[in-house]
Amino acid sequence: MRFLLVDRILELDSGKRAIGIKNVTLSEDFLAHHFPDYPIMPGTLIAEALVQLADWVIRESTDFAQMGLAIGFERIKFRRMVRPGDQLRLEVKLLERQNDQVAVEGKAYCDGALVTSLSFTLGIEALEPLQNPEIARRIYRMIALAPDQV
């Protein structure tokens with residue numbers, strides 16, 4: 001199973017959009033070599049966090065029958081470095097779904113400043129061969145806040 005880069009889902013509008021957070025801590029494995037004396041979160045992992053958040057929108061809206069996998073990226077901009085101690089606010093909006101693909105717009109903010117923006121495409125696949133839907137539901141319940149907790 002891939003590692004989770006979304007620590008908490010704060011809002012999820014089924015099939016449309018979501019807001020989540022990623023707390024960047026010094027204990028992250030990827031920081032050990034990127035870079036040891038001045039650790040920064042790789043931009044590709046910020047993009048992956050946005051992909052994962054969009055994937056949760058797909059999973060939740062299909063009752064965990066389908067998932068989204070990144071198949072294309074467009075217009076990626078990285079505006080500043082993200083360091084241990086930073087909290088990323090992740091925002092994704094699903095724009096257009098055609099058959100087995102969906103266009104997504106993603107943005108990541110740190111302290112209110114835009115850090116990363118990108119457009120990407122998710123391919124929609126059946127969840128079952130790749131992950132047990134019950135395990136996916138359990139993970140989702142762990143990271144998604146109930147509406148009365150927001």
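I take helices (H or I, at least four residues) and strands (E, at least two) as DSSP runs numbered from the N terminus, and the expected span of a helix as 1.5 Å times one less than its number of residues.

**Ground rules.** I am working on a predicted model, where local features need pLDDT of at least 70 and side-chain atom pairs count only at pLDDT 80 or more, while totals for chains, interfaces and linings use all residues. Residues are numbered from 1 along each chain as its sequence is written, and side-chain values use heavy atoms, with hydrogens and water left out.

**Helix H1.** I checked the length of H1 (residues 43-61): its 19 residues should span 27 Å at 1.5 Å a residue, and the end C-alpha atoms are 28 Å apart, which agrees. For burial I use under 20% relative accessible area as buried, over 50% as exposed and partly exposed in between (1.4 Å probe, protein chains only). In H1, 14 of the 19 residues are buried, so the helix is largely enclosed by the rest of the structure. Asp 63 follows H1 and has a positive phi, near 55 degrees.

**The core.** Next I looked up nonpolar cores, meaning sets of buried Ala, Val, Leu, Ile, Met, Phe, Trp, Tyr and Cys residues joined through side-chain atoms within 4.5 Å. The largest has 41 residues, and Met 41 and Leu 88 touch the most other members. Two or more residues each come from H1, strand E4 (87-98), strand E5 (101-110), strand E6 (113-126) and helix H2 (133-143). H1 gives the largest share, 11 residues. I then listed contacts (heavy atoms within 4.5 Å) for Met 41: beyond four places in sequence, they include Leu 5, Phe 30, Ile 46, Val 82 and Leu 88.

**Helix H2.** Which residues of H2 are buried? I found Pro 133, Ala 136, Arg 137, Ile 139, Tyr 140 and Ile 143. Strand E1 (8-13) and H1 are among what covers the buried residues. At the N-terminal end, Asn 132 caps H2, with a side-chain oxygen 2.7 Å from the backbone nitrogen of Glu 134.

**Glu 28.** Last stop: Glu 28, in the loop between strand E2 (17-23) and H1. Is Glu 28 buried or exposed? Glu 28 is buried, at a relative accessible area of 14%. Beyond four places in sequence, Glu 28 is in contact with Lys 22 and Asn 23.

How values were computed
Polar contact = N/O pair within 3.5 Å; in protein donor to acceptor, adjacent residues only side chain to side chain.
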